[in-house]
Amino acid sequence: MQTSLDTAIEYLKGIGPQRAEVLKKELQIYTCADLINFFPFRYEDRSKFYNISDLSEEMPYVQLKGKIIATQIVESKVKRFTAILKDDTGTVELVWFQGIKYIKSLLKQGNDYVVFGKPNRFKNKYSIPHPDIEPLIDFDSDNKQTLRGVYHSSEKLSAKGLNSKGIQKIIATVIDEALNGIEEYYDITFLANYNLPDIKQAYKNIHFPANEEWMRKAIYRLKFDELFFLQLQLLKYKIATTKKLKGILFEKIADNFNNFYNNYLPFELTNAQKKVLKEIRKDTSTGMHMNRLLQGDVGSGKTVVALLSMLMAIDNGYQACLMAPTEILAAQHYHTIKNLINDMPVNIRLLTGSTRQSERREIHYELQTGYLNIIIGTHALLEEDVKFCNLGIACIDEQHRFGVQQRAKLWKKNSPPPHILVMTATPIPRTLAMTFYGDLDLSVIDELPPGRKPIKTLHFFENSRARVLGFIKEQIKTGRQIYVVYPLIEESETLDLLALEQGYEALQRTFPLPDYAISIVHGKLNADAKEYEMQRFVKGETQIMVATTVIEVGVNVPNASVMIIENAERFGLSQLHQLRGRVGRGAEQSYCILMTGDKLSKDARLRINTLCKTNDGFEIAEVDLKLRGPGDLMGTQQSGMLDLKLADLSKDASLIALTRNAAADIINNDPDLILPQHQKIKIQLQKMIKNRPNLGRIS
């Protein structure tokens with residue numbers, strides 16, 4: 001049977017129904033194409049053999065050749081299978097804790113084997129746990145490949161003979177025929193311009209590299225392809241939503257905008273805010289549809305920019321909405337904007353899950369009749385019975401917390417669709433912005449309002465608690481307020497709440513009534529109780545707020561100048577930065593104090609040190625990306641959009657920029673890919689779109 005890329009995995013030589021079933025379940029490999037796109041995760045240099053007497057703990061991996069002289073199953077607390085390998089210079093123990101039955105059947109005492117693994121030393125004896133092992137006769141009959149790929153496997157796969165070596169053998173049987181079905185989609189000029197090897201050479205050498213140089217070339221080519229076609233798709237989508245989709249026209253800047261700007265704006269806009277407003281004005285006045293991402297650090301003034309954008313819509317006869325992920329944040333936006341516009345003739349309401357039914361009916365009526373100019377709310381805005389008269393702009397705050405489908409519902413609230421302004425206070429590294437949000441125009445507010453002092457961040461261990469408590473007393477004496485934040489991790493919610501309550505009680509003993517008053521806020525409180533406690537703190541009736549991360553976003557108390565984060569080692573870097581942004585909103589010097597246990601992991605120490613060293617959200621985001629990867633940073637809704645097998649968004653920044661430019665060069669000159677040299681690229685793009693999750697952001 002002729003092998004093609006579409007051949008089902010069970011029909012490939014050496015697989016059959018049983019192996020096919022485990023490949024599907026364990027690795028999601030269904031076809032020959034899936035198999036050859038299952039790449040090694042590292043490579044082993046098999047060009048050198050070591051003597052057993054040369055072993056040292058510093059060696060990363062070693063390759064040995066010797067005879068198995070003894071084997072046994074050790075029944076103890078942890079069952080294991082051991083074998084003794086002997087060469088002319090000594091012996092070493094090989095040990096397996098998993099796959100014992102399979103390994104026992106594989107090894108024959110008295111036979112010669114090649115062993116590859118990481119040496120460990122225990123009680124002056126060397127051992128190699130879970131080594132790769134194969135009969136010497138098979139190794140000698142190999143094609144002398146000295147750089148060997150290592151593939152992810154599992155106990156179930158290994159039990160079917162599909163360990164790394166077994167997977168490689170299957171790929172070796174199909175690779176040549178499979179490559180006959182792959183046609184190069186770049187022309188000679190493109191390959192030369194970007195120094196790329198032919199696609200067939202790339203596939204051959206990623207699985208069976210001729211040498212290290214060819215391995216690197218193959219990986220580079222296939223990484224390039226992943227990122228290039230992703231950028232191509234995003235740019236095509238961007239053209240479709242801006243140039244082809246008719247947008248609502250905001251023809252004028254009129255009374256509401258000018259009145260607010262000249263008479264109500266409480267401070268001079270920063271140059272960065274003015275620049276963003278010009279970009280929004282340009283978008284909305286051209287007749288094209290705006291799809292813009294507004295990045296700005298905590299406290300940089302995104303809400304004012306959103307309000308001015310909404311006033312543009314109102315001046316042109318349209319309504320505006322602002323959607324936030326939590327009731328606390330939605331209420332904060334509502335109170336902030338209501339106070340800013342004061343007695344202006346602009347009708348504004350708040351709609352959340354807690355809004356009473358009678359009030360909800362009023363809001364629905366006012367929206368449909370056009371009486372209501374601005375609606376601020378949570379997911380409640382997405383409900384079917386929320387209908388607008390003429391929605392002109394939709395602002396979405398902390399947008400990474402909303403899924404694509406949720407935002408699509410907001411998009412469909414008007415025809416033509418409203419302009420979209422998505423905002424985030426989570427700084428996004430440039431590499432992520434170019435991939436996750438490549439279809440959006442990007443605006444950045446990269447300066448804080450004048451008069452703001454940088455927050456001082458300090459780290460203390462538990463033995464310095466008395467000193468920290470003394471500092472709190474000093475700050476309260478000067479009239480300042482304090483946040484004390486505890487972690488709340490879902491897996492240990494009961495323990496976390498217990499720690500918060502114990503901390504609250506300890507603070508009550510340290511800061512007793514009537515001189516001090518303390519608020520407590522956490523997710524288990526009902527909405528009314530949370531709002532009551534929040535408002536007490538906002539009004540200055542309490543000096544200390546003890547809380548979980550519900551205050552990460554949505555609380556704006558300029559008088560609060562100290563943020564104490566308990567068990568700071570348990571928070572992510574981005575979350576620590578968000579929490580720190582709750583202070584530093586007034587003219588006074590503010591402080592963020594990170595309290596940790598004495599023992600810190602390497603990653604935890606890096607997070608703490610980074611936060612103490614810098615207030616730059618973008619620098620922090622770059623470190624966070626390296627620590628956590630793009631999936632954790634962006635959340636499952638966004639990270640699921642990328643199916644990158646080789647490219648690493650935290651390490652391949654220069655390649656992302658290169659592929660972005662390469663895709664832009666083609667799309668700018670040939671947006672529909674109709675030129676002869678782009679025909680095969682178009683076909684390949686269509687194949688990849690068919691097999692990839694939808695990358696659309698809003699629509």
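User: In this predicted model, is R216 buried, partly exposed or exposed?

Analyst: The relative accessibility of R216 is 51%, and the cut-off for an exposed residue is over 50%. Because its own value is 51%, R216 counts as exposed.

User: How many residues apart are R216 and E212 in helix α9?

Analyst: The side chains of R216 and E212 meet in a salt bridge, with N and O at 2.3 Å. Both residues belong to helix α9, which covers residues 212–244, and their separation corresponds to about one turn of that helix, namely 4 residues.

User: Which residue forms a salt bridge with R536, and what is the distance between the closest N and O atoms?

Analyst: R536 lies in helix α19 (residues 527–538) together with E533, and because the two are 3 residues apart, about one helical turn separates them. Both R536 and E533 are buried. The partner of R536 is E533, and the closest N and O atoms are apart by 3.1 Å.

User: Which elements hold E134 and K165, and how many residues apart are they?

Analyst: E134 and K165 join their side chains in a salt bridge with an N to O distance of 2.7 Å. This pair links distant parts of the chain, since E134 sits in strand β8 (residues 132–135) and K165 in helix α6, the two being apart by 31 residues.

User: Is K165 buried or exposed?

Analyst: A residue counts as buried under 20% relative accessible area. E134, the salt-bridge partner of K165, has 6% relative accessibility and therefore counts as buried. With a relative accessible area of 13%, K165 is likewise buried.

User: How far apart are the end C-alpha atoms of helix α1?

Analyst: Helix α1 runs over residues 16–27 and has 12 residues, so at 1.5 Å a residue it should span 16 Å. The separation of its end C-alpha atoms agrees with that expectation, being 16 Å.

User: Which residues of α1 are buried?

Analyst: What covers the buried residues of α1 includes α5 (155–159) and α6 (164–179). Just after α1, Q28 takes a positive phi of about 55 degrees. Within the helix itself, the buried residues are G16, A20, V22, L23, K24 and L27.

Notes. Residues numbered from 1 in each chain as written. Predicted model: local features only at pLDDT ≥ 70, side-chain atom pairs only at ≥ 80, totals over all residues. Heavy atoms only, no water. Expected span 1.5 Å × (residues − 1). Buried < 20%, exposed > 50% of the residue type's maximum accessible area, 1.4 Å probe, protein only. Contact = heavy atoms within 4.5 Å. Salt bridge = Lys/Arg side-chain N within 4 Å of Asp/Glu carboxyl O.
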